[in-house]
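Thanks for asking me to look over this structure with you.

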Amino acid sequence: MPSRREIVLPPSLRLSGDGVLLREWTETDLSALVEVYDDPEIDRWTPVPSPFDSTAAAAYLARAHEGREEGRKTAQLAITTDGEKPRGEILLFRCAVDPRDVELAYGIGSRHRRQGLASRAVRLAADYARRQLSARRVLLRIEPENSPSMAVARATGFQLTDDEPVTREAKGRQVTLLTWCHQDG
């Protein structure tokens with residue numbers, strides 16, 4: 001009989017491999033956070049508010065730290081190549097539908113796209129979710145029009161599922177997302 005064990009994220013998380021280091025955001029990262037999220041493509045595909053300035057960045061970081069202290073359901077990690085300058089973000093969070101599943105979401109700053117950062121970060125996070133968290137499934141939820149994210153999904157071993165589309169509200173509009181599941185091997 002399958003376990004109903006919920007995914008529990010550790011209070012602090014740092015992952016490295018394949019030329020990337022995923023680490024917790026710090027107060028010194030506010031300007032980099034603005035650089036990543038104050039971008040039309042990030043605005044288009046994520047629920048993050050726009051415009052995204054230093055005030056929004058400070059509030060975003062405060063919510064991330066509060067969530068971590070309250071019994072972590074989400075890990076929000078800076079994507080770096082050197083452990084220092086964030087070039088994007090990846091989130092790992094317990095799926096609302098089945099708490100045995102982990103969902104990933106990510107965004108890369110405009111100056112750092114087309115360098116394979118999203119693919120490397122997604123592979124690293126998916127491997128961690130499978131091996132360390134024993135996730136039943138590792139998922140991505142992607143809008144059908146988001147071709148770059150679908151390309152990352154394919155490149156990192158995810159396949160489109162026949163799960164019913166998920167509808168979420170983002171910035172006052174209904175967003176339909178397709179489910180992609182990581183395939184072992």
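1. A word on the source before we start. This is a predicted model, so please read each value below as computed from that model.

2. Let's begin with strand β4, residues 88-94. The strand is mostly covered, with 7 of its 7 residues buried. If you turn the model to see both faces, you will find Gly88, Ile90, Leu92 and Arg94 on one side, and Glu89, Leu91 and Phe93 on the other.

3. What does β4 pair with? Strand β3 (residues 74-80) is joined to β4 by 6 bridges, and the two run antiparallel. A handy place to check this is Thr74, which stands opposite Phe93 of β4. Strand β5 also pairs with β4 in the antiparallel sense, here over 7 bridges. For that pairing, look for Leu92, which has Leu104 of β5 opposite.

4. Next, please look at Asp101, in the loop between β4 and β5. Is Asp101 buried or exposed? Its relative accessible area is 1%, under the 20% cut-off, so Asp101 counts as buried. The Asp101 side chain has a polar partner: it makes a polar contact of 2.8 Å with the side chain of Arg136. Leaving aside neighbours within four places in sequence, Asp101 is in contact with Ile7, Phe93, Arg94, Cys95, Arg136, Arg137 and Leu139.

5. Helix α4 deserves a point of its own. How far apart are the end C-alpha atoms of α4? They are 21 Å apart, which agrees with the 21 Å that its 15 residues should span at 1.5 Å a residue. Of those 15 residues, 11 are buried, so α4 is largely enclosed by the rest of the structure. The buried residues include several alanines, among them Ala118, Ala121 and Ala125, and also Arg120 and Tyr128.

6. Ser149, Met150, Val152 and Ala153 are buried. Why do they share a side? They cover an arc of only 155° around the axis, which puts them on the same side of α5. On the other side, Pro148 and Arg154 are exposed. The buried residues of α5 pack against strands β5, β6, β7 and β9 and against helix α4.

7. Both ends of α5 are worth a close look. At the start, a side-chain oxygen of Asn146 comes to within 3.2 Å of the backbone nitrogen of Ser149. After the helix comes Gly157, which has a positive phi, near 90°.

8. Now for the aromatic rings. The structure holds 3 aromatic pairs. One of them joins Tyr37 and Phe52, a tilted pair with 5.4 Å between the centres and 55° between the planes. Tyr37 belongs to helix α1 and Phe52 to the loop between α2 and α3, so the pair ties together parts that are 15 residues apart in sequence. The rings of Phe52 and Tyr60 form another pair: their centres are 5.9 Å apart and their planes at 80°, so this pair is edge-to-face. Together, Tyr37, Phe52 and Tyr60 make up one aromatic cluster. Tyr37 is buried, at 4% relative accessible area, and Phe52 is buried as well, at 1%. Tyr60 is likewise buried.

9. Finally, two backbone angles to check. Most residues other than glycine have a negative phi. Arg114, in the loop between β5 and α4, has a positive phi near 65°. Ser134 is not a glycine either, and its phi is positive at about 55°; you will find Ser134 in the loop between α4 and β6. How accessible are these residues? Arg114 is exposed, with a relative accessible area of 86%, whereas Ser134 is partly exposed, at 47%.

Terms used:
Residues are numbered from 1 along each chain as its sequence is written. This is a predicted model: local features need pLDDT of at least 70, side-chain atom pairs count only at pLDDT 80 or more; totals for chains, interfaces and linings use all residues. Side-chain values use heavy atoms; hydrogens and water are left out. Buried means under 20% relative accessible area, exposed over 50%, partly exposed in between (1.4 Å probe, protein chains only). Helices (H or I, at least four residues) and strands (E, at least two) are DSSP runs, numbered from the N terminus. The arc is that of the directions from the helix axis to the C-beta atoms. Contact means heavy atoms within 4.5 Å. A polar contact is a pair of N or O atoms within 3.5 Å; within protein, one must be able to donate a hydrogen and the other to accept it, and residues adjacent in sequence count only if both atoms are side-chain atoms. Two strands pair if DSSP finds at least two bridges between them. Rings of Phe, Tyr and Trp (its six-membered ring) pair if their centres lie within 6.5 Å; planes under 30 degrees apart count as stacked, over 60 as edge-to-face and the rest as tilted. The expected span of a helix is 1.5 Å times one less than its number of residues.
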